[in-house]
Amino acid sequence: MNQKKCPQCKNLISKTAPTCLYCGRPNKFVTKDYINRKWNKDNRHSINFYNTYIFKYFLFLIIFILIIVIIIFK
């Protein structure tokens, strides 16, 4: 693993780490593209979870109403 010294606290950190584990200094220059890529990945997951949750709730509601209707008209 390639390591380098942090310029601020002089501890060894990985070259691929985004920040120093000890002092929190950014290891790489954080660009707008980096931030957008990170946020878009997280948002896609949350949107997918939200749609799945709504679908399951809707399916449960339909089955519940169907059971109630069958019990009432039987």
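Ser14 sits in strand β2, which covers residues 12-14. This is a predicted model. The protein has one helix and two strands. Along the sequence they come in the order β-β-α. Of the 74 residues, 8% count as buried.

**Overall picture**

- The protein exposes about 7,200 Å². Carbon and sulfur atoms supply 65% of that area.
- Consider the contacts between residues at least 6 apart in sequence: 0% of them join residues at least 24 apart.
- Helix α1 spans residues 32-73. Strand β1 takes in residues 3-5, and strand β2 takes in residues 12-14.

- Is Ser14 buried or exposed? Ser14 has a relative accessible area of 16%, so it is buried. The cut-off for buried is under 20%.
- The side chain of Ser14 also has a polar partner. It makes a polar contact with the side chain of Thr16, at 3.0 Å.

**Lys10, between the strands**

- Lys10 belongs to the loop that lies between β1 and β2.
- The phi angle of Lys10 is near 65 degrees. That is a positive value in a residue other than glycine.
- Lys10 is exposed, and its relative accessible area is 52%. Exposed means over 50%.

**Tyr22, between β2 and the helix**

- Tyr22 is placed in the loop between β2 and α1.
- With a relative accessible area of 55%, Tyr22 is exposed.
- Which residues does Tyr22 contact, leaving aside its neighbours within four places in sequence? They are Cys9, Asn11, Leu12 and Ile13.
- Leu12 and Ile13, two of these partners of Tyr22, fall within the 12-14 range of strand β2.
- Tyr22 and Gln8 are 14 residues apart along the chain. Their C-alpha atoms are separated by 9.8 Å.

- The structure holds one aromatic pair. The rings of Phe60 and Phe64 have their centres 6.2 Å apart and their planes at 20 degrees, so the pair is stacked. Planes under 30 degrees apart count as stacked.
- Phe60 and Phe64 are four residues apart in helix α1, so about one helical turn separates them.
- Phe60 is exposed, at a relative accessible area of 56%.
- Phe64 has 46% relative accessibility, so it counts as partly exposed.

**The nonpolar patch**

- Which residues make the nonpolar surface patch? Its members are Tyr57, Phe60, Leu61, Phe64, Ile65, Ile68, Val69, Ile72 and Phe73.
- The area of this patch is about 960 Å².
- Phe60 and Phe64 are among its members, and they also form the stacked pair.
- Ile65 is another member of the patch. Ile65 lies in helix α1.
- Ile65 counts as partly exposed because its relative accessibility is 47%.

Notes: Residues are numbered from 1 along each chain as its sequence is written. This is a predicted model: local features need pLDDT of at least 70, side-chain atom pairs count only at pLDDT 80 or more; totals for chains, interfaces and linings use all residues. Side-chain values use heavy atoms; hydrogens and water are left out. Patches are made of residues with over 30% relative accessible area and no salt bridge: like charges are joined within 9 Å, nonpolar side chains (Val, Leu, Ile, Met, Phe, Trp, Tyr) within 5 Å. Accessible areas come from the Shrake-Rupley method with a 1.4 Å probe; for residues, only the protein chains shown count as cover. A salt bridge is a side-chain nitrogen of Lys or Arg within 4 Å of a carboxyl oxygen of Asp or Glu. Buried means under 20% relative accessible area, exposed over 50%, partly exposed in between (1.4 Å probe, protein chains only). A polar contact is a pair of N or O atoms within 3.5 Å; within protein, one must be able to donate a hydrogen and the other to accept it, and residues adjacent in sequence count only if both atoms are side-chain atoms. Contact means heavy atoms within 4.5 Å. Rings of Phe, Tyr and Trp (its six-membered ring) pair if their centres lie within 6.5 Å; planes under 30 degrees apart count as stacked, over 60 as edge-to-face and the rest as tilted.
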